[in-house]
Amino acid sequence: MDFIRHIAGGPGNLEGHYLKGIQLGTEWVYENPLVQVLLVDDEVAIGALMLGMVVYVGGSVPPYPLAEACQDHYLSILCAQALKERRSLRTEWQPWAQ
């Protein structure tokens with residue numbers, strides 16, 4: 001399947017430069033909730049998290065649970081270590097992610 005990142009802007013396009021969304025094959029797997037705001041990807045992520053927090057405070061599920069964030073950070077640490085050591089590493093589910 002093709003993984004397509006849709007971006008507005010570019011030569012001859014007057015929309016401005018922003019992420020529209022991401023498509024896997026024919027399915028949209030991510031749509032930017034802050035379209036037409038000139039933000040880089042990290043800023044879009046922070047904005048989407050803030051929008052999710054509004055819903056969470058209203059009684060919904062957390063937008064990015066702490067256990068998931070910890071597991072993602074663990075993976076990030078191991079990726080950096082693998083790159084530094086130039087070798088493959090095996091990850092494990094950590095107690096917080098069980």
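Tutor: Strand β2, residues 18–24, runs antiparallel to β3 and is joined to it by four bridges, where strands are DSSP runs of E with at least two residues, helices are runs of H or I with at least four, and both are numbered from the N terminus. This is a predicted model, in which local features need pLDDT of at least 70 and side-chain atom pairs count only at pLDDT 80 or more, whereas totals for chains, interfaces and linings use all residues. Residues are numbered from 1 along each chain as its sequence is written, and side-chain values use heavy atoms, with hydrogens and water left out.

Within this pairing, isoleucine 22 stands opposite tyrosine 30 of β3. Two strands count as paired if DSSP finds at least two bridges between them, and on that basis three strands make an open, antiparallel sheet in the order β1-β2-β3. Its edges are β1 (3–8) and β3 (27–31), each of which pairs on one side only. From one strand to the next the twist averages 25°, with axes fitted as lines to C-alpha atoms (for helices, over the stretch in contact) and angles running from 0 to 180 degrees between N-to-C directions.

As for the context, the sequence reads β-β-β-α-α. The chain has a radius of gyration of 17 Å, well over the 13 Å that the globule rule gives for 98 residues, so it is more spread out than a compact globule; the radius is taken over C-alpha atoms, and the rule is 2.2 Å times the number of residues to the power 0.38. Along its principal axes, the C-alpha trace spans about 45 × 40 × 25 Å. Of the 98 residues, 17% are buried, meaning under 20% relative accessible area, with exposed being over 50% and partly exposed in between (1.4 Å probe, protein chains only). Among contacts, defined as heavy atoms within 4.5 Å, between residues at least 6 apart in sequence, 7% join residues at least 24 apart.

One of the buried residues is glutamine 71, with a relative accessible area of 8%, and its place is in helix α2, residues 66–85. Leaving aside residues up to four places away in sequence, glutamine 71 touches Glu92, Trp93, Gln94, Trp96 and Ala97. Its side chain also makes a polar contact of 3.2 Å with that of tryptophan 96, a polar contact being a pair of N or O atoms within 3.5 Å where, within protein, one must be able to donate a hydrogen and the other to accept it, and where residues adjacent in sequence count only if both atoms are side-chain atoms.
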